[in-house]
Amino acid sequence: MNKKSHRNTGRSLGAFLLPLFLLGLVFFTMKSQLGDGIMSSWTTEEEKEPDLPQQVLQYEDEMATYAEQEGIREYKDILLALMTQESGGRGDDPMQASESHCGEVGCIEDPETSIEQGVAYFAKTLERADGDVKLALQSYNFGAGFIDFVKKNGGEYTQELAIEFSSKKYEELKHTGKYSCIREEAEQYDACYGDIYYVDAVLDHYEEDGDLLATSS
């Protein structure tokens, strides 16, 4: 090859490599300025982990054991989400299950008893709700009387029925002074018995889109 051909080849190779070099330089500069954010936008929804606190996840094995015992093993993650809403996994009664256990607050004094009772109570409400997960969840908050109310008014959980039930119960019980609205949004309905948005609050901690909610959608 003569010198002229060699120079032409060099120029062609340089012309090919220069755009690649400039592209790499731009990408490196953007990544340096934006940090990992430039890559995080490529993360798919499937790669995201459930947003549960470590205080809750420490009870995952116990939750699985008692869910298995009650025949609702597939609801373990919903039960973990329920615990997250109830207590964030803190305290001696992380499932806030004392009232369903003994009729008053504070009678459960160790987490395992709380989990055993909470799972058993959810299993009972789920059975009475004919598998309607949303109805079972709201009944965990309102009490099983909500299931009877719903069955007399269409048979399926709705937000409107939760508001109506709460309003009625609050009207009956507000003279006791034990109840007050825990959310400002409930005040407009005078629905201060329990949490009318409990279902949405629990499901905010539950990130799977599976068949478990199919009967209550």
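These are my notebook entries on a predicted model of one protein chain.

**Setting up**

I am working with a predicted model, where local features need pLDDT of at least 70, side-chain atom pairs count only at pLDDT 80 or more, and totals for chains, interfaces and linings use all residues. I number residues from 1 along each chain as its sequence is written, and side-chain values use heavy atoms, with hydrogens and water left out.

**Entry 1: the whole chain**

I began with the elements and found twelve helices and zero strands. Helices (H or I, at least four residues) and strands (E, at least two) are DSSP runs, numbered from the N terminus. Read from the N terminus, the order is α-α-α-α-α-α-α-α-α-α-α-α.

Next I looked up burial. Of the 217 residues in the protein chain, 36% are buried. Buried means under 20% relative accessible area, exposed means over 50%, and partly exposed is in between (1.4 Å probe, protein chains only).

The accessible surface of the chain comes to about 13,400 Å², and carbon and sulfur atoms hold 49% of that. These areas come from the Shrake-Rupley method with a 1.4 Å probe; for residues, only the protein chains shown count as cover.

I also checked contacts (heavy atoms within 4.5 Å). Among contacts between residues at least 6 apart in sequence, 48% join residues at least 24 apart.

**Entry 2: L135**

I picked L135, which sits in helix α8 (residues 133–142). Is L135 buried or exposed? L135 is buried, as its relative accessible area is 0%.

Which residues does L135 touch, not counting residues up to four places away in sequence? I noted A129, F146, I147, V150 and Y157. For I147 I also looked up the spacing: L135 and I147 are twelve residues apart in sequence, and their C-alpha atoms are 6.9 Å apart in space.

**Entry 3: salt bridges**

A reminder to myself: side chains of opposite charge can pair when their charged atoms come close. The rule I used calls for a side-chain nitrogen of Lys or Arg within 4 Å of a carboxyl oxygen of Asp or Glu. By this rule the count is eight salt bridges.

I opened the pair of K76 and E60, whose side chains meet at 2.8 Å, N to O. This pair links distant parts of the chain, with K76 in helix α5 and E60 in helix α4, 16 residues apart. K76 counts as buried because its relative accessibility is 12%, whereas E60 is partly exposed at 29%.

K76 also forms a salt bridge with D77, where the closest N and O atoms are 3.7 Å apart. D77 is partly exposed, with a relative accessible area of 27%.

I then turned to E171 and K174, which meet in a salt bridge at 3.5 Å, N to O. Both partners count as partly exposed, E171 at 49% relative accessibility and K174 at 39%.

**Entry 4: α4 and what follows**

Which residues of α4 are buried? My list reads M63, A64, Y66 and A67. What covers these buried residues includes α5 and α7 (111–128).

After α4 comes G71, with a positive phi near 75 degrees. E70 lies in the loop between α4 (60–69) and α5 (76–86), and E70 is partly exposed, with a relative accessible area of 34%.

E70 brought me to a negative surface patch, formed by E70, D92, E109, D110, E112 and E116. Such patches are made of residues with over 30% relative accessible area and no salt bridge; like charges are joined within 9 Å, and nonpolar side chains (Val, Leu, Ile, Met, Phe, Trp, Tyr) within 5 Å. The place of a charge is taken as NZ of Lys, CZ of Arg, CG of Asp or CD of Glu.

Q96 is not a glycine, yet has a positive phi of about 50 degrees. Q96 lies in the loop between α5 and α6 (98–102) and counts as partly exposed at 44% relative accessibility.

D130 is not a glycine either, and its positive phi is about 55 degrees. I found D130 in the loop between α7 and α8. Is D130 buried or exposed? D130 is exposed, because its relative accessible area is 62%.

Definitions and conventions: Lys, Arg positive; Asp, Glu negative; His and termini not counted.
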